[in-house]
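Let's take a walk through a protein together, one stop at a time. Keep the picture open beside you and look up each residue as it comes along.

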Amino acid sequence: MNRTLRAALMAGGVVAMAACASAIASDAEAKTVKVNLTAKETMVPIDNEGHKAIGWTYDGQIPGPVVRATEGDTIEFTLTNDRGNKNSHSIDFHAAQADVLTTFAPIKPGETKTFTFTAEHPGAFFYHCGADPMIQHIARGMIGAIIIDPKDPNDMPKADREYVLVEHQTFDNPEDVKGMMANNWQHDAFNAVPFQYDPVHDVNATQTLEAKPGERVRIYLINAGPNEFSGFHPIAGIWDRIYPSGNPKNALVGMQNYTVAPGDGATFDIVSPKEGAYALVNHSMRAALSGSIAVIMFSNKADPSMGHGDKILPRM
């Protein structure tokens, strides 16, 4: 065997060993993430003035808690239907590959079920109740976001702040399923409350999103529907990067607007070069002027806690 061939085989062996070691390390890093949610039919805020109505929720809040894991992780999920509820409930994770007839089947009040799935793809995914009539369970608040981070953190630029916005239409009469099917909604909101982050259109709003100039702000938008598409646009800004379904392999650059279908999600990055305000909107004017506007303030005095920890989904 000549020296050139021997060197090539040795080099190939080193590459193969490195690839094998990388795969072993990747498998070793994968973990089991335990998630427990309780379906609760309870009073929730419906506007910035503090009025409340009965919502169907996960853990008593709309949207439900943000679930987060890393690509390759196993999600061990347990759903409990509170015994005080009147309805059967379920959960459908758009990040899962499962059996809709068994895994996603509803459970009665007082029952609990557990299932597992592997997060095969990174992204910003929707979760929701799939009990019949599904349109009503979604409209009444059984919605949320599950974020699956890429296993290679270098697949996307590092974000300085992150925010989750779950958009959906609300109906003044939550019992009117025919009205829901006819698309007779009254408000379109980010995180359940119309104009929650927009003190311009609602003087009772008490908060905005915050960041500093030059920071990369990552917005995870989940369109919960149940019916409308969302044309997501930053008024006064341009999306630096957009990742349809939140997958880093789907990168788009320098976009003014991107449409997210009902039941879908996307990840949006934005960087402001100076102090000021952007308005993040569904550019369907009926939707925007019915509540789906979120103001993000860029200031050198931005609250350092905003866009981190529990404040990636700011609540009232």
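Leu-289 touches Phe-195 and His-201, leaving out residues up to four places away in sequence; a contact here means heavy atoms within 4.5 Å. You'll find Leu-289 in the loop between helix 4 (285-288) and strand 19 (293-298). Helices (H or I, at least four residues) and strands (E, at least two) are DSSP runs, numbered from the N terminus. Is Leu-289 buried or exposed? Leu-289 counts as exposed because its relative accessibility is 54%. The cut-offs are under 20% relative accessible area for buried and over 50% for exposed, with partly exposed in between (1.4 Å probe, protein chains only).

Before going on, know that this is a predicted model, where local features need pLDDT of at least 70 and side-chain atom pairs count only at pLDDT 80 or more, while totals for chains, interfaces and linings use all residues. Residues are numbered from 1 along each chain as its sequence is written, and side-chain values use heavy atoms, with hydrogens and water left out.

Now hop from Leu-289 to Ala-192: they are 97 residues apart in sequence and 15 Å apart in space, C-alpha to C-alpha. Ala-192 sits in the loop between strand 10 and strand 11, and has a positive phi of about 85 degrees although it is not a glycine. With a relative accessible area of 12%, Ala-192 is buried. Asn-191 has its place in the loop between strand 10 (187-190) and strand 11 (209-211) too. Phi of Asn-191 is also positive, near 55 degrees, in a residue other than glycine. Asn-191 counts as buried, at 3% relative accessibility.

Rolling a probe the size of a water molecule over the atoms shows where empty space is left. How much space lies in the largest pocket? About 460 Å³. Of the 23 residues that line this largest pocket, Ile-46, Ala-53, Thr-170, Phe-171 and our friend Ala-192 are the closest to its centre. A pocket, on a 1 Å grid over the protein atoms alone, is an open set of points where a 1.4 Å probe fits, with protein on both sides within 12 Å along at least five of seven lines; lining residues have an atom within 4 Å of a point. Grid points are joined across faces, edges and corners, and the volume is the space filled by probe spheres set on the points.

The lining of the largest pocket divides into 13 nonpolar, five polar and five charged residues. Here Ala, Val, Leu, Ile, Met, Phe, Trp, Tyr, Cys and Pro count as nonpolar, Asp, Glu, Lys and Arg as charged, and the others, Gly among them, as polar.

The second largest pocket has a volume of about 250 Å³. It is lined by 15 residues, and the closest to its centre are Arg-68, Asp-149, Pro-150, Glu-162 and Arg-218. Strand 8 (143-149) and strand 12 (216-225) each supply at least two residues of this lining, with strand 8 giving the most, three residues. By class, the lining of the second largest pocket holds eight nonpolar, two polar and five charged residues.

Next, a few more stops along the chain. Gln-136 lies in helix 2 (residues 134-139) and is buried, with a relative accessible area of 7%. Setting aside its neighbours within four places in sequence, Gln-136 is in contact with Trp-56, Pro-174, Glu-175, Val-177 and Met-180. Look also for the cis peptide bond between Ile-62 and Pro-63, with omega about -10 degrees; Pro-63 is in the loop between strand 2 and strand 3 (67-70). Another cis peptide bond joins Gly-225 and Pro-226, with omega about 10 degrees, and Pro-226 is in the loop between strand 12 and strand 13 (230-235).

Finally, zoom out. The protein has four helices and 19 strands. Of its 316 residues, 47% count as buried. Along its principal axes, the C-alpha trace spans about 80 × 50 × 35 Å. Residues 24 or more positions apart account for 69% of the contacts with a separation of 6 or more.
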